[in-house]
Amino acid sequence: VSGNHQSRIFSVSGGKTVVIDDLTITGGQVVGDGGGILNTASTLTLDRVVLTDNHAVATTSNTLGRGGAIANMSGANLTVTDCQFTGNQARGGGPGPAGQSLTVRCGAGIYNQGSVLTVARSAFTGNLSIGGPAGVRAQGGGINSIMGSTATITDCTFVGNQGIAGDGNGGSGLVGLGRAGALFNDASVMTVENCLIEGNVARGGSNITAGGRTALAAGGGGIF
């Protein structure tokens, strides 16, 4: 099923329980969270699903852009088994009102916020979290798990994923920060077992002058 880069493909909410298997989800795109799938306060199981070329995009008036393939949020429960995540993106916008730099805080493959995530025997390849102009930061090319979440990742591969900060000046706060090409974990519990993590990249932005802001370098090509 394709969204033709015109809309998100699936939205699950309201405490529902949903199972999706043997499906390809491609070309989903949204300004905000969850380019392919948004799972909010519900239970979602994916089995043998391919998620490719889905985009979550931030703009200069929207601080989001999280979860290129999937955003799992607000007490949701997501189980992923034997799935492939390839070429998904979370893209940042540029400076917003009053010079506010919009942060990505994403996960081009999966963004997990305040929720439970279980991933087994799945592959994350060539997913990209990229900040916008003015040094917008980016993190978690494969999976980004934050804010009291629990993530258990077993027998998976993470190859060639990237967290690339935006270039240039004009933003505020923390700028030029690229973290965690593969896996980003903050204020959460993440367990990683028997996984291959290879050739992932975290890169800071270029041509950044702090000028009252805090300019930071890259960190954690594999895990941060």
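Rings of Phe, Tyr and Trp (its six-membered ring) pair if their centres lie within 6.5 Å, and planes under 30 degrees apart count as stacked. The model is predicted.

**Aromatic cluster**

By this rule the count comes to two aromatic pairs. Phe-85, Phe-124 and Phe-158 form one aromatic cluster.

| Pair | Centre to centre | Angle between planes | Class |
|---|---|---|---|
| Phe-85 and Phe-124 | 4.4 Å | 5° | stacked |
| Phe-124 and Phe-158 | 4.7 Å | 10° | stacked |

Phe-85 lies in strand β9 (residues 84–86) and Phe-124 in strand β13 (residues 123–125), so their pair ties together parts 39 residues apart in sequence. Phe-158 belongs to strand β18 (residues 157–159), so its pair with Phe-124 in β13 links parts 34 residues apart in sequence.

**Parallel sheet**

Six strands make up an open sheet, ordered β1-β4-β7-β11-β16-β22, with parallel pairing. Which strands stand at the edges? They are β1 (10–12) and β22 (183–186). Each has a single partner strand, so one side of each is left without a neighbour in the sheet. On average, neighbouring strands of this sheet are turned by 5° against each other, direction ignored.

Strand β16 (residues 143–146) pairs with β22 in the parallel sense, over four bridges. Here Ile-143 stands opposite Leu-183 in β22.

Terms used:
Residues are numbered from 1 along each chain as its sequence is written. This is a predicted model: local features need pLDDT of at least 70, side-chain atom pairs count only at pLDDT 80 or more; totals for chains, interfaces and linings use all residues. Side-chain values use heavy atoms; hydrogens and water are left out. Two strands pair if DSSP finds at least two bridges between them. Helices (H or I, at least four residues) and strands (E, at least two) are DSSP runs, numbered from the N terminus. Axes are lines fitted to C-alpha atoms, for helices over the stretch in contact, and angles run from 0 to 180 degrees between N-to-C directions. Rings of Phe, Tyr and Trp (its six-membered ring) pair if their centres lie within 6.5 Å; planes under 30 degrees apart count as stacked, over 60 as edge-to-face and the rest as tilted.
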